Structure formats: C-alpha cells, structure tokens
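Student: Could we go through this structure together, one part at a time?

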Number of protein chains: 4
Amino acid sequence: MDFNIIRVARIVMNVTDLNASRDFYVNALGFIETESDGQHIYLRGLEEHCHHCLVLKKADQPGVHSIGYKVWHQEDLEKIERLFKERNLFTQWEEAGKQRALGRVLKATDPSGMPLEFFSKMETVERCLQKYDLYKGARIQRIDHVNCMVPDVEKAVAFYTDELGFRCSEYTATEDDRTWAAWLHRKPSVHDIAFMNGEGPRLHHVGFWLSDPMSLIHSCDVLASMGYADCIERGPGRHGLSNAFFLYIRDPDGNRLELYNGDYLTCDPDFEPVKWDINDPRRQTFWGHKAPDSWFEEATEFIQQESGLPVGQSKAVLAQQKPDFVT
Amino acid sequence: MDFNIIRVARIVMNVTDLNASRDFYVNALGFIETESDGQHIYLRGLEEHCHHCLVLKKADQPGVHSIGYKVWHQEDLEKIERLFKERNLFTQWEEAGKQRALGRVLKATDPSGMPLEFFSKMETVERCLQKYDLYKGARIQRIDHVNCMVPDVEKAVAFYTDELGFRCSEYTATEDDRTWAAWLHRKPSVHDIAFMNGEGPRLHHVGFWLSDPMSLIHSCDVLASMGYADCIERGPGRHGLSNAFFLYIRDPDGNRLELYNGDYLTCDPDFEPVKWDINDPRRQTFWGHKAPDSWFEEATEFIQQESGLPVGQSKAVLAQQKPDFVT
Amino acid sequence: MDFNIIRVARIVMNVTDLNASRDFYVNALGFIETESDGQHIYLRGLEEHCHHCLVLKKADQPGVHSIGYKVWHQEDLEKIERLFKERNLFTQWEEAGKQRALGRVLKATDPSGMPLEFFSKMETVERCLQKYDLYKGARIQRIDHVNCMVPDVEKAVAFYTDELGFRCSEYTATEDDRTWAAWLHRKPSVHDIAFMNGEGPRLHHVGFWLSDPMSLIHSCDVLASMGYADCIERGPGRHGLSNAFFLYIRDPDGNRLELYNGDYLTCDPDFEPVKWDINDPRRQTFWGHKAPDSWFEEATEFIQQESGLPVGQSKAVLAQQKPDFVT
Amino acid sequence: MDFNIIRVARIVMNVTDLNASRDFYVNALGFIETESDGQHIYLRGLEEHCHHCLVLKKADQPGVHSIGYKVWHQEDLEKIERLFKERNLFTQWEEAGKQRALGRVLKATDPSGMPLEFFSKMETVERCLQKYDLYKGARIQRIDHVNCMVPDVEKAVAFYTDELGFRCSEYTATEDDRTWAAWLHRKPSVHDIAFMNGEGPRLHHVGFWLSDPMSLIHSCDVLASMGYADCIERGPGRHGLSNAFFLYIRDPDGNRLELYNGDYLTCDPDFEPVKWDINDPRRQTFWGHKAPDSWFEEATEFIQQESGLPVGQSKAVLAQQKPDFVT
C-alpha cells in the first residue's frame with residue numbers, strides 16, 4: 001500500500017451521564033480532561049500531546065460511533081478513500097473543524113461493518129508526562145488498542161493486513177487451524193486492533209497503556225475506595241498472549257476498558273506471529289483466574305455513521321465461543 | 001499473664017516428596033534452604049536470622065505437626081506449662097537438641113485441639129536480607145502468621161486473648177453479633193494467628209511476609225513459568241480485612257500458603273479492633289474476585305503430638321460457612 | 001524497668017510559614033491534615049489512628065520543641081518521672097488538654113539535653129489506610145523514628161538502653177571500638193531513635209515509613225513537578241545499615257525528613273546488634289552516592305521546655321565527624 | 001530517502017576478560033547468553049528474538065568496533081551504500097556468515113568517523129520474555145539506544161536526519177541556540193542514537209530498556225551484593241530530557257551502560273522536538289544528584305573498520321563541555 005496509517009488514535013462512544021463518567025474516568029482512572037461541553041468530554045492520557053484519545057458523548061444509550069486512526073499525510077486520506085470505494089465500502093468526507101480539534105476526516109465502514117475515521121491532523125495540547133503532581137488513579141498514559149468481536153475474524157484480518165498494511169503479532173487458532181482471534185499492529189506494539197470470533201461487530205474493549213505494573217494495582221485500590229469495586233470484571237492477571245499485565249473494568253455504562261502494561265517491541269519484520277492454541281490455558285491467563293462469562297459475552301454495539309442506527313450484527317462463523325477450559 | 005510469647009515462629013508439616021517440595025519452595029518461591037537431611041528440609045526467609053521457620057517433613061500424607069511460638073525467657077516455658085496443666089490440656093517436655101536447631105521445647109495442645117510448641121531458643125544463622133543476588137521468585141522475607149479453621153472461634157479467641165495475652169486487631173461478626181473469625185497478634189502486626197469458623201481444627205494457611213507488592217506479582221509470573229500456575233488458588237487481590245495484598249497458593253501436597261504484603265502497625269493499646277460484617281463484600285476482597293469454594297472448604301489436618309494420629313475434627317458451631325456473597 | 005514505652009509518637013517543631021509548610025507536607029508529601037488553627041498544623045500518616053504524629057508550629061525561626069513517646073499505661077508516666085528525678089533531670093507535668101488532642105503529659109529533658117514528652121493518651125481519629133483515593137505524593141504511612149546528633153553517643157545510648165528499656169539493633173563503631181552511632185528501638189523495627197556523633201543535641205531528621213519503594217520514587221517525581229527538586233538532599237539510595245531504601249529531603253525551613261522503606265522485624269531477643277565499621281562504605285550507602293557535606297553538618301536545634309530558649313550545644317566527644325570515604 | 005532503517009540493533013565492543021564480563025553482564029545484570037566461544041560472548045535481552053544485541057570481544061584494551069542498524073530489506077543495503085559513497089564515506093561489504101549469526105553486512109563510517117554496520121538479517125532464537133524463572137538482576141529487556149560524544153553535533157544531526165531518515169525527539173540548545181545535544185530515533189521511542197558535544201567520536205553509553213522501575217532499583221541491590229557497588233556511576237534518577245528513570249553503570253572495563261525505563265511513544269509526525277536549555281537543571285536530572293565529572297569526561301573510543309586502529313578524535317566545536325550547574 002502507498003499510504004501510512006500510524007496508529008489507532010481515538011474512540012468516540014456514548015455515555016448516559018457525563019458527570020458520572022467524569023467521576024469514573026477523571027477522578028478514579030486519572031485521565032486528563034482536555035475540555036468538555038454540555039454534550040462531550042474530551043479525554044487524554046498523561047503522555048499524550050494530542051487533544052484527546054477518547055470522546056465521551058452524551059446519549060440515551062451506549063454505542064460506539066467510531067474507531068479513529070491517525071495517518072501520516074493528508075494525501076493518505078485520498079488513497080484510503082480510493083481503497084474503500086474500490087471495495088464498495090461506505091466512505092464520507094467531513095470537513096476540518098466539524099468535530100472538535102480534528103482536521104479533515106475520512107469516514108468509512110470496514111468489511112465487518114465497523115465505523116472508522118481516518119485523519120492526519122488533531123490539535124495538539126500540553127503533554128503532562130512530567131506533571132507528576134497530576135498523576136492519580138491508574139495514571140493513564142495513552143491509548144494503546146481496541147479489541148473487537150467480529151463474526152468472521154479471517155475476513156477482517158485479511159482486509160487489515162492485505163489492504164491496510166497492519167501486521168499480525170500473535171493469533172489464536174482452533175484445532176482445525178482456523179484463526180479464532182488475531183492481534184494486529186501498525187505502531188510497533190503488540191496491537192492497535194485485535195479481532196475475536198463472536199457475534200458482532202461489537203467493541204469488546206479499549207485498551208490504555210500504563211507505565212508500570214504498580215499503577216494497575218493502585219488503580220484497583222482507588223476504584224475500590226471510591227465505590228467502583230464492582231466495575232472490576234477481570235484481573236489483575238497476566239495474559240500469555242501479548243504478555244500483558246491486565247485489568248478489565250466496566251465504566252458506569254458497561255463499556256469495557258483494559259488497563260495494560262507489559263507488551264514488547266514488534267518493529268522487526270523477521271518477528272514471526274506467535275501462534276496460540278485456543279485451548280492452551282496459558283494463552284488467556286498466564287496465571288490467575290478464568291475470565292467470567294460476561295467477558296466473553298458482553299460488548300458494546302457500533303452505530304452506523306451514515307444513519308445513526310445500530311450496526312446490524314451477525315452470528316460468528318466459528319462455532320466455539322470461548323476456550324474449552326472456561327466452559 | 002506473667003510470660004511473654006513473642007511471635008509465631010515456625011510450622012512443621014508433612015510433604016510426600018522432598019524434592020518436589022524443594023523445587024516449589026526454594027526454586028519457585030525463593031525460600032532459603034538452611035539445611036536438609038533425608039527426612040526434612042529446613043527453610044527460612046531472606047531476613048530471618050533463626051535457623052528455620054518452616055520444616056517440611058517427609059511422610060505418606062499431609063498433616064501439620066505443630067505451630068511453634070517463640071517466647072522471651074526460658075522461664076516463660078514453665079509458666080505456660082502451668083497454665084495448660086491448670087486447664088487440663090496436654091503438655092510434654094522435649095529436651096534441647098531433640099529437634100534440629102531447637103532448644104528445650106514445651107509441647108502442648110490448645111482448647112481447639114491444635115498441637116503447639118513453645119521454645120525460647122533456636123540456633124541462629126546468617127541473615128540474607130542484603131544478599132540480593134540470592135533473591136528469587138517471591139523473595140520470601142519471613143513467616144508472618146497462621147490461619148486456622150476451628151469449630152468454636154469464640155472459645156479459641158477467649159483462650160488466646162485472656163490466657164495467652166494475644167490482642168485482637170480485626171474480627172468478623174455474624175448478623176447476630178457472634179464472632180465468625182478473628183485476627184490475633186503478639187508481635188505488632190495484624191496477626192500471628194487467625195481463627196475462622198469451620199470444621200476443624202485444621203490449618204487453613206501459613207502466611208509469609210513479602211517486602212513489596214511487586215514481589216507478589218513476580219511470584220505469579222515465576223510460578224506460571226515453572227508450570228505451577230495451577231497452584232495459584234486465589235488472588236492477587238487486596239483483603240479489606242488487614243489491608244493485605246495477598247496471593248493464596250497450594251504446595252504440591254495441597255498445603256495452602258499466603259504471600260502477603262501491606263498490613264499495618266498494631267502496637268498501640270488504644271487501637272480498637274476493627275469489626276467487619278461477614279457479608280460486607282469488601283471484607284474478604286477489597287477488590288477483585290470472589291474466593292473459590294476450595295478456599296472455604298479445604299484445609300490441612302493436624303497430627304496429635306501425643307499419639308501421632310490425626311486430630312479429631314468437629315462441626316462448626318456457627319452455621320454459616322462462608323459469606324453470603326460467595327454462595 | 002517497670003514501665004513500657006511503646007514507640008516514638010510525635011514531633012513538635014517550628015516552621016516560619018504555615019501555608020508554605022502545608023503545600024510541602026500535605027500537597028507534595030501526602031500527609032493527612034487532621035486539623036489546624038492559626039498557629040499549628042496537625043499532621044498524620046495514612047495508616048495512623050492517632051490525631052497526629054507531627055505538629056508544625058508557627059514561629060520566627062526553626063526549632064524542635066519535643067520528641068514525644070507514647071507509653072502503655074497512665075501509671076508509666078509516674079514511674080518515668082521518678083526515674084528522671086532520681087537522675088536530677090528536668091521534669092514537668094502538663095494537664096490533659098493543654099495541648100490539642102493530648103492527655104496528661106510528662107515533660108522531661110534527657111541527659112543529652114533533648115526535650116522529651118511522654119503521654120499515654122491521644123485522641124483517635126479515622127484511619128485512612130484504605131482511602132486510597134486520598135493517597136498522593138509520598139503516601140506517608142506513619143512516623144517511624146527520629147535521628148539526633150549528640151556530643152556523647154555512648155552516654156545517650158546507655159541512658160536509653162539501661163534506663164528506658166530501648167534495645168540496640170545496629171551500631172557504628174570507630175577503629176578503636178567507640179560507638180559512633182547507634183540505632184535503638186522500642187517497637188520491633190530497626191529504630192525509634194538513632195544517635196549520631198556530632199555537635200548537639202540537634203535533631204538530624206524525622207523518619208516516616210512508606211509502604212513500598214515505588215512510593216519513594218514517585219515522591220521524587222512529585223516534588224520535582226511542584227518545584228521542590230532542590231529539597232532533595234540525598235538519595236534515593238539504600239543504607240547498608242538498617243537496609244532502608246531512603247530519601248532525605250529538607251522542608252521549606254530546612255528541617256530534614258527521611259522517607260523510608262525496607263527495614264526488618266527486630267522483636268527477637270536473640271537478634272544480636274549488627275556492628276558496622278564507620279569506614280565501611282556499604283554502611284552509609286549500600287549503593288549509590290556519597291552523602292553531601294550538608295547531611296553531616298546541618299541539623300535543627302532543640303528548644304528548652306522550661307525556658308523556651310535554645311538548648312545549648314557541645315562539641316562531639318569523638319573526633320571523627322564523618323566517614324573517611326566522604327572526606 | 002527510499003530505504004528503511006528499523007532501529008539500532010547491536011553493538012560490538014572489546015572487553016579484556018570474558019569471564020569477568022560474563023559475571024557482570026549475565027550474573028549481575030541478567031542478560032541472556034545466547035552463546036560464546038573463546039573470543040566472544042553473544043548477549044541478548046529477555047524479550048529479544050534476535051541472536052544478540054551485544055557482542056563482547058576479547059581484546060587487550062577497550063574499544064567499540066561498530067554500532068549496528070537493522071534495515072527492512074536486503075535492497076536497503078545497496079541504497080545506503082550508494083548514499084555513503086556519494087558522500088565519499090567509507091563502505092565495505094561483508095558476506096553473510098562472516099560474523100556469527102549475521103547475514104550480509106554493509107560496513108560504513110559516518111561523517112563523525114563512527115564505524116557503522118547495516119544488515120537486514122540476523123539469526124532468530126527463542127524469546128525468553130515469559131521465562132520468568134530466568135529473570136535476574138536488572139532483567140534486561142532489550143537494547144534501546146546508543147549515546148555518542150561527537151565534536152560537531154549539528155553536523156552529525158544533519159546527516160542522520162536529512163540523509164538517513166532519523167527524527168529528532170528532544171534536543172539541548174546553548175544560549176546562542178546552537179544544538180549541544182540531540183536525541184534521534186527511527187523506532188518510535190525517544191532515541192536510537194543521541195549525540196552530545198564533546199571530544200570524539202567516542203561511545204558514551206549503550207542504553208538497555210527495562211520493563212519497570214523496580215527492576216532498576218533491584219539491579220542496584222544486586223550489583224552491590226555482588227561487590228559491584230563501585231560500578232554505579234550515576235543514579236538512580238530521572239532525566240527531565242526523555243523522562244527516563246536511569247542508572248549509569250560501568251562494566252569491568254569501564255564501558256558505560258544505561259539502564260533505562262520510562263520514555264514515551266514518538267510515532268506521531270506532529271510531535272514537535274522538545275527543546276531544553278542546556279542550563280536548565282531539570283534537563284539532566286529532573287530530581288536527584290548532579291552527574292559526576294567522569295560522566296561528562298569519560299567515554300570509549302571507536303576502532304576503525306578499515307584499519308583496526310583507533311578512530312582519531314577532535315576537540316568539540318562548542319566550548320561548553322557540561323552544563324553550568326555542574327561546574
């Protein structure tokens with residue numbers, strides 16, 4: 001491909017109560033609130049120089065409006081538009097400034113039906129990395145990745161790797177060697193996006209990177225102190241896959257976040273994708289507890305960019321919905 | 001009382017395979033092996049100047065021979081003997097040197113039927129606190145406490161506090177204000193011994209103190225790397241009660257250990273025991289996951305000092321076997 | 001002795017600007033402000049159930065009013081009074097309530113001329129150990145010890161060990177085997193008070209215990225972020241003596257504090273005091289940098305309880321003012 | 001440019017005693033020894049899948065043979081050769097297998113006289129990231145960067161950014177706005193190579209990435225336990241520049257290493273280089289101690305690839321050798 005997608009850069013999603021969300025995201029988790037208005041809160045991590053990586057939008061019910069990717073050049077947007085058009089996929093331009101802090105945006109829908117945004121410009125703001133007196137809670141550093149449930153993982157992986165230039169770092173295979181899940185990256189971490197086999201498309205979680213494991217432990221303590229213990233769905237634990245030290249939490253609307261530390265550098269082309277057997281118990285949890293059923297079953301639906309209606313969902317292509325050792 | 005019990009100081013318990021135990025305790029957990037013979041391994045933590053805090057004894061099946069307390073003076077032993085005799089409890093003297101590294105020992109049985117040892121002298125050895133190149137696995141620092149299931153917690157607590165001079169730091173009460181569990185200390189930590197309502201007497205776990213939370217996380221990783229992931233029964237998590245950052249693991253014979261960090265100083269007499277409602281979910285797990293059933297049900301039996309036979313067990317006095325939120 | 005001193009429990013010292021001190025102690029270091037009035041700020045650590053462990057008193061110049069010890073019984077105070085009177089040392093009673101939150105106080109002067117207070121009662125307040133959302137900066141947990149420069153260390157040690165019942169955990173000896181410094185404890189940590197050879201008596205520092213090493217690293221970052229980098233005098237480093245992971249900082253008036261983590265349990269009577277050669281480089285700094293001259297030379301003077309005047313100072317008995325490897 | 005340099009990938013340097021170096025690098029620091037022969041030790045970090053990142057070569061005296069860069073394609077090597085030839089810089093081909101584990105190598109000399117190697121292939125080996133039982137000492141994860149003293153920083157920066165495609169993340173400017181030092185990257189971290197004004201060219205240090213700050217603290221303890229306390233030259237501390245939590249150590253031959261944790265993601269083209277005033281005290285040390293003179297003055301010389309003789313050194317172009325606050 002002749003364009004350069006840099007990384008996953010922002011998520012726009014609904015919440016039903018901006019103040020409840022602010023308490024959770026800003027006071028408990030330690031996001032920086034760049035700004036807000038009556039309908040939105042714009043959040044970023046401590047090291048981020050971009051205006052935001054997460055937009056919380058007031059709405060009556062949950063839903064994800066888009067997964068946003070930053071590209072290198074303005075011209076990359078035209079090239080990406082051409083690619084989507086050639087595959088008869090939805091695209092739409094949005095002029096600079098239509099959304100707060102964003103330059104020109106190419107909206108598009110991927111083959112799984114997920115709403116995407118591509119842009120090369122976002123306003124920059126002060127980076128708070130060395131404002132340690134602002135650190136609190138989980139000390140969120142930056143957005144790291146999204147994880148999505150899609151009905152046909154192999155189709156999704158083919159599009160992202162063959163057409164968009166993502167590389168696969170690790171993947172999970174079924175007994176008959178079908179790809180059950182895959183971790184794909186543009187920036188040289190384990191992933192910018194992962195796909196898991198499941199009814200969808202749905203957003204399983206957004207992952208945020210922490211600078212060290214103790215921040216994750218402290219965030220559990222702070223969440224519990226503030227009455228959010230029930231928001232902790234899974235973890236702390238270590239994934240075999242990706243080596244992540246993880247915590248999964250649910251925001252007040254049920255949106256799932258992953259706090260994440262511990263992956264590795266993936267910039268070498270001779271690094272072969274790591275293959276995991278779906279029923280290898282160390283894949284999901286190198287140590288620690290099994291994931292609860294909710295972790296396999298619940299996810300947030302997407303909203304169509306063209307209509308504002310929920311994106312229709314399909315049953316998963318592969319039968320197995322979770323690893324054997326959980327059932 | 002006119003004697004001074006310093007602290008819980010050692011546990012003697014059976015294992016069925018000394019080499020398998022050595023791999024677990026020394027290679028994975030990082031205990032220092034002071035010495036061993038064909039029938040015993042003597043283990044201590046990195047900061048301990050005493051010969052051992054844990055004796056693993058080769059046997060056909062699991063069982064706990066004794067909970068050992070260190071006392072201040074030799075004369076304290078006679079005073080404690082008198083106390084036990086007055087209450088018609090079993091006592092027996094064992095001369096110095098009969099057990100490796102130990103001075104004169106007073107053996108005794110407490111009102112719950114648990115086998116105890118009291119001694120004032122144990123050989124001292126080199127303290128490895130600053131031999132950081134020996135640190136590995138969980139970096140076990142020292143023995144901290146034992147936790148026992150007994151049928152009548154209130155009776156056990158009365159004996160230890162009124163007769164032996166222990167103080168209560170925290171306790172759990174049922175709805176009708178019966179003591180369901182209690183944490184008792186001599187050294188100024190949260191506990192040297194805790195009692196929980198349950199069929200018994202049985203040893204629920206031995207707790208070892210770690211110097212920092214990251215050692216606990218690293219021990220999970222090391223256990224998993226060495227194939228011991230299944231030994232992790234519960235945690236990592238934080239107890240509301242005691243504030244401990246904990247990990248419960250089972251040794252190759254099923255004996256339960258707690259790796260433990262994070263309690264507080266209890267030396268002030270005006271520190272009032274903290275009361276927890278048994279059904280307060282934050283008591284057991286300030287954050288994180290519910291304890292598995294095995295944690296409530298399984299424990300190791302004691303062995304009678306006088307006969308070498310298993311100590312008989314009784315049903316618990318209080319009906320409720322575990323908190324509501326677990327059932 | 002027939003009385004029981006529990007632990008060092010509070011320090012009363014002057015500061016010249018209460019608001020500047022509040023920013024440093026509360027906002028940067030994370031002390032809990034129990035209460036304040038126009039002349040005082042009362043501070044405590046996160047795990048402390050006592051009203052305060054540090055009183056900052058507004059004054060024109062620095063000075064330490066007293067080192068306060070908590071005793072077990074009210075009657076212990078009379079016994080301690082008798083001891084001091086027999087040695088012709090100053091004593092004075094102060095009725096309950098004369099000082100905020102304190103019961104009856106015995107004021108006294110020790111043989112080095114240091115102003116002491118003994119009391120058995122202080123108002124208790126809410127312990128914030130599990131209010132993790134209040135944790136900030138250094139996350140001060142509790143007062144741990146004081147360190148004082150005195151002209152005659154051996155005389156001071158003799159009084160505290162022989163008369164007051166302190167035990168020595170570690171000490172530094174000169175080439176001709178004179179005690180150059182000693183660490184003495186009542187609670188079973190390495191020390192409640194240490195004495196170092198030097199012109200005095202002067203308060204070298206007050207030590208506060210942190211729950212883990214990462215809190216100390218984070219406190220450096222927070223201090224620097226808030227413009228207090230110059231307050232960091234020495235460290236982070238590890239002392240050979242005591243094994244403490246330490247940071248020495250100076251408050252806005254130059255009073256020295258130690259943030260401290262990593263010592264060990266000292267409750268066993270068979271634990272022999274550790275002897276260090278004054279010129280063993282690992283004693284002062286197990287690793288890391290030499291202490292700056294200011295650390296050896298600067299300290300805060302004491303104020304006489306009877307007169308309010310500065311306590312007169314004498315030259316040190318031992319010639320050597322600091323280890324060879326520093327000069 | 002039409003070629004793609006991925007990252008700095010290996011250093012080849014002399015040591016005078018392979019066994020002494022093995023003890024330091026493998027036993028104390030925790031490098032993985034991939035293999036060795038009578039003349040070389042090949043080392044890698046825990047997460048590295050490449051055969052090595054550091055070659056220690058037995059020799060009579062210290063010296064650095066090359067800084068090696070990995071490129072994306074074999075064809076990139078020809079393009080890089082052309083570039084160097086056009087600028088009349090030394091180049092030489094070395095066939096695959098001439099050096100252990102390496103494919104075809106392009107040797108070259110940069111405008112500062114530093115010996116470089118470019119290659120696209122190195123044998124891959126097992127990644128030990130999840131072999132936590134092998135973790136020891138500093139738990140070295142991977143090579144991160146090199147830092148070199150060169151007489152003309154601006155000339156070096158121009159070549160690496162304009163010709164080789166490096167990007168500048170941060171830089172230090174003198175009062176009259178000359179570039180005194182610069183941090184340049186290809187992979188999206190703060191740097192693959194930094195240049196500092198000084199007599200040179202000389203290798204100031206090789207930086208290795210650690211996964212968390214506690215590994216750095218533990219490495220100080222382990223080094224001291226093993227008798228290597230004198231090898232610690234500077235730190236632990238935090239650089240303002242790059243936000244690195246750092247430790248500088250010297251190997252048994254005086255080669256300087258940096259243990260490093262805490263930088264940030266630099267993949268966005270709109271991230272503007274951070275400018276630091278050379279006399280801003282927070283630049284060098286956000287908190288903590290001044291660098292010792294040795295840190296500014298001592299470095300390891302390079303060895304010419306064409307002759308095996310030391311690379312000639314020149315005086316620095318800019319007068320100021322270190323920041324004001326250090327002098």
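Predicted model: local features only at pLDDT ≥ 70, side-chain atom pairs only at ≥ 80, totals over all residues.

Student: How many residues of chain D are in contact with chain A?

Tutor: There are 35 residues of chain D in contact with 35 residues of chain A. The area buried between these two chains is about 3000 Å², and carbon and sulfur atoms give 57% of that area.

Student: And how many salt bridges are there between chain D and chain A?

Tutor: The count is 6 salt bridges. One of the salt bridges joins the side chains of Asp268(A) and Lys70(D), at 2.7 Å from N to O. As for polar contacts across the interface of chain D and chain A, 18 residue pairs are found, with both residues at pLDDT 80 or more.

Student: Which elements of chain D give two or more residues to the side that touches chain A?

Tutor: Those elements are β1 (5–15), β10 (167–173) and β17 (274–277) of chain D. By class, that side of chain D has 16 nonpolar, 6 polar and 13 charged residues.

Student: Changing topic to helix α4 of chain A: what span should its 13 residues have?

Tutor: Helix α4(A) covers residues 213–225, and at 1.5 Å a residue it should span 18 Å. The C-alpha atoms at its ends are 19 Å apart, which agrees.

Student: Is α4(A) mostly covered or mostly uncovered?

Tutor: Mostly covered, since 13 of its 13 residues are buried.

Student: What caps the N-terminal end of α4(A)?

Tutor: Asp212(A) does, with a side-chain oxygen 3.2 Å from the backbone nitrogen of Met214(A). Just after the helix, Gly227(A) takes a positive phi of about 90°.

Student: Now Thr91(A): buried or exposed?

Tutor: Thr91(A) has a relative accessible area of 17%, so it counts as buried, the cut-off being under 20%. Thr91(A) lies in strand β6 (residues 91–94) of chain A. Beyond residues up to four places away in sequence, it touches Glu81(A), Phe84(A), Lys85(A), Leu106(A), Lys107(A) and Ala108(A).

Student: Last one, where is Arg104(D)?

Tutor: Arg104(D) is in the loop between β6 (91–94) and β7 (105–109) of chain D. With a relative accessible area of 23%, Arg104(D) is partly exposed.

Student: Which side chain does the side chain of Arg104(D) make a polar contact with?

Tutor: That partner is the side chain of Glu78(D), at 2.7 Å. Leaving aside neighbours within four places in sequence, Arg104(D) is in contact with several residues, including Gln74(D), Leu77(D), Trp93(D) and Phe118(D). The C-alpha atoms of Arg104(D) and Met13(D) are separated by 20 Å, and the two residues are 91 residues apart along the chain.

How values were computed. Residues numbered from 1 in each chain as written. Chains lettered and ligands numbered in written order. Heavy atoms only, no water. Helix = DSSP H or I, 4+ residues; strand = E, 2+ residues; numbered from the N terminus. Buried < 20%, exposed > 50% of the residue type's maximum accessible area, 1.4 Å probe, protein only. Contact = heavy atoms within 4.5 Å. Expected span 1.5 Å × (residues − 1). Polar contact = N/O pair within 3.5 Å; in protein donor to acceptor, adjacent residues only side chain to side chain. Buried area = accessible area lost by both parts, 1.4 Å probe. Salt bridge = Lys/Arg side-chain N within 4 Å of Asp/Glu carboxyl O. Nonpolar A, V, L, I, M, F, W, Y, C, P; charged D, E, K, R; others polar.
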